[in-house]
Amino acid sequence: MVSLGLLAQQIVNGLFFGGQLALIAIGLTLIWGVARVLNFSHGAMFMVGGYVGFFALGFTGSVAAAILASIVVVFALGWVTEFALLEPMRDREEFDIASMVVTLGLAIFLENAILVGVGSRRRAFPALTEEVWRVAGLTISVQRFVIFLISVFALAALFLVISRTKLGLAIRAVSQDDQTALLMGVRPRRVYAITLGCSAALAGLAGVLLAPLFTVYPSVGWYPFLLAFVVVMVGGLGSVRGTLIAAMGLAIVRSVSTIWVAAESAMVLLFAIMIAVLLINPDGIGGWIDG
Amino acid sequence: MTVEAVRLAVDRVRSRLREDARTRNGKLFAAITALAVFAPVMFSPYRLEIVMQLLIVILAVASWVFVAGYFGMFTFAHAALYGVGGYAAVILAAEMGVHPLASILLGGVVAGLFSLPISYPVLRLSGAYVGMVTLAYAEIIYYGTIILRDVTGGPTGYTGFPQLFGGDRVVMYYFVLALVVALMLAMYALLVNRFGLVARAIRESSDAAQMLGNNVPRYKLTGFLVGSSIAGVAGALQAYNILIISPPMLEIDQMIEFMAMGIIGGLRTFGGAVFGGIIVFGFSEVLRDIGELRLVVWGALLIVVTLYFPDGIAGSSFDVRKRFQEWFDR
Amino acid sequence: MSLVELDAVDAGYGENQVLHDLTLSIQPGRVNCIIGPNGSGKSTTLKAVCGLVDVWDGTIRVRGDDVTNAHPRDVVERGVVMLPQGGNVFPEMTVKENLRIGAFLVDDRDVLERRYREVYEMFPVLEEKKRQRAGELSGGQQMMVAFGRALMPDPEILLLDEPSAGLAPDLVDDVFDQVERLKERGRDMIIIEQNVRRVLDVAEYVYVLDQGERMYEGETEALRDEDEIMRMYIGERHG
Ligand SMILES: Nc1ncnc2c1ncn2[C@@H]1O[C@H](COP(=O)(O)OP(=O)(O)OP(=O)(O)O)[C@@H](O)[C@H]1O
Ligand SMILES: [Mg+2]
């Protein structure tokens, strides 16, 4: 029998973890929803965010500067990726597969270019704070709490942009019907580039925020990518709300299941859930709540 | 199938072979095969090992092209099934006393069986979704090999199984060469006949193929099963070749490597696997000294080929003048 | 100066040529219509004007400005707005958001408010349903959303691609009433219609397309005397 305390602790851990997952996953779902790109370099963007943050912190000594630098640099990386790699293929019939392959190539390229350039050494990113709070028998890491808050803040900002601004209107229009959006005077190419930039910037932000937990090394992005991938599938590719729910749900499932089973088995469980959801409804949770 | 039908199919393969042999790719393949036959007298034992690995990799990539290129089922589970074949073969041989030669075939059978649970979603979904669901399945298998350490030896892998042909590398080499050529020919034979025609029709439009009266699910299932089983055989050969099988052999990196070879070689041409294998794998060996830089080159190559040579090396014309002309015509 | 001018235009999709050496010169101050059999290239003509179809050869001008293969945005900026065939509303957006994006290039709040009012006045049902997702509306209401969306930027030249297609008879009447009203206010229009009889009642000038070529052009009145054209493209019963 598990103690209620442990269960509650794991649920809280899961909740915090869910915030991190959502931050990584939301960019992945966004870019699929708008541009039909399954971005396999999302993890690499996360990794680049970590490195940019690491070096920026070294130069400036300021965490805020590090975060800002990651966001800006990785946004630019996403923008360039759209124009240099994806845009030229957009008219192809098998764009979904071709874009998958090209972003996979980009992921290999970035990961190993970093490996060659700065080496495979794990760079420790200083913790924001070591402090912990004890509330009602629960242990809460202040650092994780802060990361959670920043994630929530970033996601809320994204929501507002998409639902309230003219840019958001253009993004939604292009995601629904890019030809008709053209007739309204929208420039879809620019919208794709901005969206890929934002999606990448979110990965970059996650990369620097989570650097104190994951450390920074060339292949650091793969594990978060795979997790985000599962989240996005379960949530329903392209559904922002579904992705948020899935991130929270799966993080808690993972966190709680590790009370009983090893981390590898927890991963198997997540992937099995993903296959089951794809089988029942390829649109995932989003297919039910948005539909 | 009647005897007559088989005879017709064989005739068709023969005439297509004769035709294809006269093309640029055909001539290159003939030269490569000749080279492969004389490899044991030309290369040092170390080099021969490499060539043997390359042959096996080509078989694995070809079986992926068979599934992904011809049917358009872009599976990520191939490397995992390749690994399953490897594990199954050596474990059967070591623990149950199955003859190593028989275990290689059984490796293929087991890989085929392992492809069945995922075949249902693969048949139902399309495009990128096939990639997603098979990627999840591949991860499950990968973590499975780590979790089931009592059976698989866990993260460090499985070793100490009987060797093929008592460790005679030259005999082993010819066995591998013969098996690889035979299986490649078998896939080729399928593809130049009605089966391949329907496969391509399914890739272009599954609905249209169905309306023309083809049993699309059955064709897709057969293609997936055959491709996966052959990957299993390749995995078994590789396990016997390098004398160990471990989780990294079926990790996503391995899958990406197969994919890169298939795509760079050309997904629309069965022989693309040969080019892709030689270029990527051979390249990696030659460039071993420059270390990780070769992976940078690879990633770039994958991007350039997808952007500018969507039919890969086997399917593209390298007539410089013509390329130039196209460039200006645009 | 012509309002919209196609000069020896060849255009098509991929390898497939649809418009063959098409020359049209559309004059201001009248309602124009394009008729012709299915697949004759009517929609393609309007799409070429808007920059949605590759023009292979020839020139397209709007009020004398060359807009051949221009970005659709440049065409919209010149006051040319199209209601695409079938409407193509954005189904996941609310009615009001659909109208908003119709005036994507307008930023002035007061202007926007005025346009909303005008559109709601023309189609009162849209005001009632302004917070509803467009995809949830009936086909007829979606067409009104699309019509309203096309009016939002207050276009100088309105291109209507089969605005009455698939509508119930009383809604067809509504659509033609609106076209009449726009005509009275002096709005320049090019209308594609299958409903030839109704469109000939409003249009002052007719173009007949077949297989991407211009078979006839002239005043609506004059057309009634063209027995050959009437028989081939319009059918006796409409005459
Ligand atoms: N997006 C497209 N891609 C390829 N071919 C197209 C496309 N749209 C139209 N066509 C082809 O171009 C030709 C002309 O089509 P178009 O839509 O201009 O005809 P239309 O006169 O508007 O016909 P309808 O009365 O059916 O609307 C047709 O043969 C059609 O098949
Ligand atoms: Mg039309």
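At what angle do the axes of helix α10 of chain A and helix α7 of chain B cross? They cross at roughly 130° and come within 11 Å. The model is predicted: local features need pLDDT of at least 70, side-chain atom pairs count only at pLDDT 80 or more, and totals for chains, interfaces and linings use all residues. Residues are numbered from 1 along each chain as its sequence is written, chains are lettered from A and ligands numbered from 1 in the order in which they are written, and side-chain values use heavy atoms, without hydrogens and water.

**Chains**
- Two pairs of chains are in contact (heavy atoms within 4.5 Å), and chains A and B share the most contacts.
- Chains B and C do not touch, their nearest C-alpha atoms being 12 Å apart.

- On α10(A), the contact is made by Tyr223(A), Leu226(A), Phe229(A) and Met233(A).
- On α7(B), Met132(B), Leu135(B), Glu139(B) and Tyr143(B) take part.
- By class, the contact has seven nonpolar, no polar and one charged residues.

- Ser43(C) (OG) and Gln85(C) (OE1) are the protein donors (N, O and S atoms within 2.8 Å of the metal, or 3.2 Å for Na, K and Ca) of the magnesium ion, ligand 2, at 1.9 to 2.1 Å.
- Ser43(C) lies in helix α1 and Gln85(C) in the loop between β6 and α3 of chain C, so the pair ties together parts 42 residues apart in sequence.
- Gln85(C), at 39% relative accessibility, is partly exposed, a class between buried and exposed (over 50%).

Technical notes: Helices (H or I, at least four residues) and strands (E, at least two) are DSSP runs, numbered from the N terminus. Buried means under 20% relative accessible area, exposed over 50%, partly exposed in between (1.4 Å probe, protein chains only). Axes are lines fitted to C-alpha atoms, for helices over the stretch in contact, and angles run from 0 to 180 degrees between N-to-C directions. Ala, Val, Leu, Ile, Met, Phe, Trp, Tyr, Cys and Pro count as nonpolar, Asp, Glu, Lys and Arg as charged, and the others, Gly among them, as polar.
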